[in-house]
Amino acid sequence: MAAPVVSRMVRRVLRSSIRSCNSGAPVTQPRPGDPSQSAAEELSRRRQFLREHPVPFSAFLTDSFGRQHSYLRISLTEKCNLRCQYCMPEEGVPLTPKVDLLTTEEILMLARLFVKEGVDKIRLTGGEPLIRPDVVDIVAQLHRLEGLRTIGVTTNGINLARLLPQLQKAGLNAINISLDTLVPAKFEFIVRRKGFHKVMEGLHKAIELGYSPVKVNCVVMRGLNEDELLDFVALTEGLPLDVRFIEYMPFDGNKWNFKKMVSYKEMLDTLRQRWPELEKLPEEESSTAKSFKIPGFRGHVSFITSMSEHFCGTCNRLRITADGNLKVCLFGNAEVSLRDHLRAGASEEELLSIIGAAVGRKKRQHAELFLMLQDSPPAIPSISSKDSLGVQGLRHRVSFSNQVATLWAGCRVPQTPPLAQRWPGSGSPQRHYCSHPDSDSNPKCLSPVSRAPASRSGPLPTSDQLTHVDTEGRAAMVDVGGKPNTERVAVASAVVLLGPVAFKLVQENQLKKGDALVVAQLAGIQAAKVTSQLIPLCHHVALSHVQLQLELDSTRHAVVIQASCRAQGPTGVEMEALTSAAVAALTLYDMCKAVSRDIVLEEIKLISKTGGQRGDFHRT
């Protein structure tokens, strides 16, 4: 019964020309025959009383479901210095003309209005808020607002180390840093820019200046970084971090796919397998996070379950976009332009009526999104390696926890192994990339001095008919249910003839798009893990290992690619190896096509396979 009563009260308030709520303000009825007390005098007296005796919470910021909106997010800019794949397309987004963006004065005017009505927390967002030139001054001005308890910022961290001392002095007291990987090469792949070490320096600076906890936002995407969950959690052992794993959400331009989403429960299961003692922490009121802590760890981890278990029922957030639109729901399309009303000369009371009407229209939950999810099949099981460190070779030989200890003890981030190396017996520097952690000593790693010719171990038993068609010639998947589980290993290769110009740029790592060898290596590993999604009749295989090696061949101006896949199961992994090599080759073409279109992909072939009923194969 309480909710309908609150709803009716709020609606009456919003329709009224005055702000009336059960605040205890004395209301004296005019005596019959006493015309001296006009309605204007009564209104003025009540407003004075309300100023001297603040009301419990603003009716204008309370919606029809009784949710009180005390948290305001203000976007300071649409611009960003990164191009995260889940956030925006590579070419960026069309920017609003500067004249249509909120000025600093307008931002502060709206902030004052919302704080006066009960908002006690403001978070500055973007784009990337720290690229706005006057961000320090904005924080200082907000800090002067009486009643505002928290001023936070959500940043990608690129400029954080440089600006944080000034921001802290101005009054910033909460920090969220977006970081989706702890692997420098993968960072560059995800955000399409360099800067991993700057982000880590900013994270360290926040801890050094006493921010606790420093929140780290990690958007988890299947096939990209779900293999790093344990690495992120390990950070909380010695650091005061709140690592927040965010379910991958759809936004315009990020090509959202339900198969990329890793659910909260799946992530939690992964963590419990490693740390069964994981404890759930009490949930704070209006919190979007489900928090957990490992006993003895300084920090903790949280899950933002926007997709699998929404928190709409306790949402207390409102958003103002950089161009001055009020959004009452992140997923909703409805927006109200506060900028237009401000510039038209609207009074404070008129602005409050506009804000109150928008808040009153807020839905119970972002329904359209969940209808879409209900129509989608469930997310596929994780196909990452059982190895808790996931993709091998993107880290040093030493354990990750040792790297972290070195990083924070020495105030430096670990350097990635140099890609430029000098081959034995060569008079000029060469570059190669190998995904095996022991590439310097591994005899199987591609190099001019270690390559040994393969040989056929015996004739390959073949079938006299195609196995992927039925008796009527229709496509059909092979039933492997009755086959025994054995270890399967396959190696495939490809060659990319770049030409002299592109080859030199790759060799010297001078391509504008970034390090072609690193990106191709990552692409090949990811492709192996999702082969069954690319090749229709392939079975899903839980790979236990993927290794990708790339070698520069200066005599042919070529890159030689070798992909190796391993799994324990009833079916082979040659398609995974071939897909890995082919996609790595295609990625090299994409990285270099701006320099030359005369690039040739050739010799995509299976080198060897072992395991299975039909015996082994080794190409000569």
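**Figure 1. Disulfides and two cysteines in the predicted model.** A search of the whole structure, which is a predicted model, finds 0 disulfides. A disulfide is a covalent bond between the sulfur atoms of two cysteines. Cys 538, with a relative accessible area of 14%, is buried.

Figure 2. Strands of a sheet pair through backbone hydrogen bonds, either parallel or antiparallel. Within this order, strand E2 (residues 121-125) and strand E3 (residues 150-155) run parallel and are joined by 4 bridges, with Ile 122 standing opposite Ile 151 in E3.

**Figure 3. Strand E5 and its two neighbours.** Strand E5 (residues 214-220) is mostly covered, since 6 of its 7 residues are buried. On E5, strand E4 (residues 174-178) is joined in parallel by 3 bridges, and Val 216 in E5 is the bridge partner of Ile 177. Strand E6 (residues 241-247) also runs parallel to E5, and 7 bridges join the two; here Val 214 stands opposite Leu 241 in E6. Together with helix H8 (residues 229-235), strands E5 and E6 make a right-handed β-α-β unit.

**Figure 4. Helix H7 and the residue that follows.** Helix H7 (residues 196-208) has 13 residues and reaches 18 Å from its first C-alpha to its last, close to the 18 Å expected at 1.5 Å a residue. The buried residues of H7 are Phe 196, Val 199, Met 200, Gly 202, Leu 203, His 204, Ala 206 and Ile 207. An α-helix has 3.6 residues a turn, so residues three or four places apart point the same way. Just after H7, Gly 210 takes a positive phi of about 95 degrees.

**Figure 5. Confidence along the chain.** The mean pLDDT of the protein is 77, and 69% of its residues reach 70 or more. Over residues 1-37 the pLDDT stays under 50, and the model has 44 contacts beyond four places in sequence for this stretch. Residues 370-433 likewise have a pLDDT below 50, with 132 contacts in the model beyond near neighbours in sequence. Where pLDDT is low, the predicted coordinates should not be read in detail.

How values were computed: Residues are numbered from 1 along each chain as its sequence is written. This is a predicted model: local features need pLDDT of at least 70, side-chain atom pairs count only at pLDDT 80 or more; totals for chains, interfaces and linings use all residues. Side-chain values use heavy atoms; hydrogens and water are left out. Buried means under 20% relative accessible area, exposed over 50%, partly exposed in between (1.4 Å probe, protein chains only). Two strands pair if DSSP finds at least two bridges between them. A crossover is right-handed if, with the strands pointing away from the viewer, the path from the first strand over the helix to the second runs clockwise. pLDDT is the predictor's confidence in each residue, from 0 to 100. Contact means heavy atoms within 4.5 Å. The expected span of a helix is 1.5 Å times one less than its number of residues. A disulfide is a pair of cysteine sulfur atoms within 2.5 Å.
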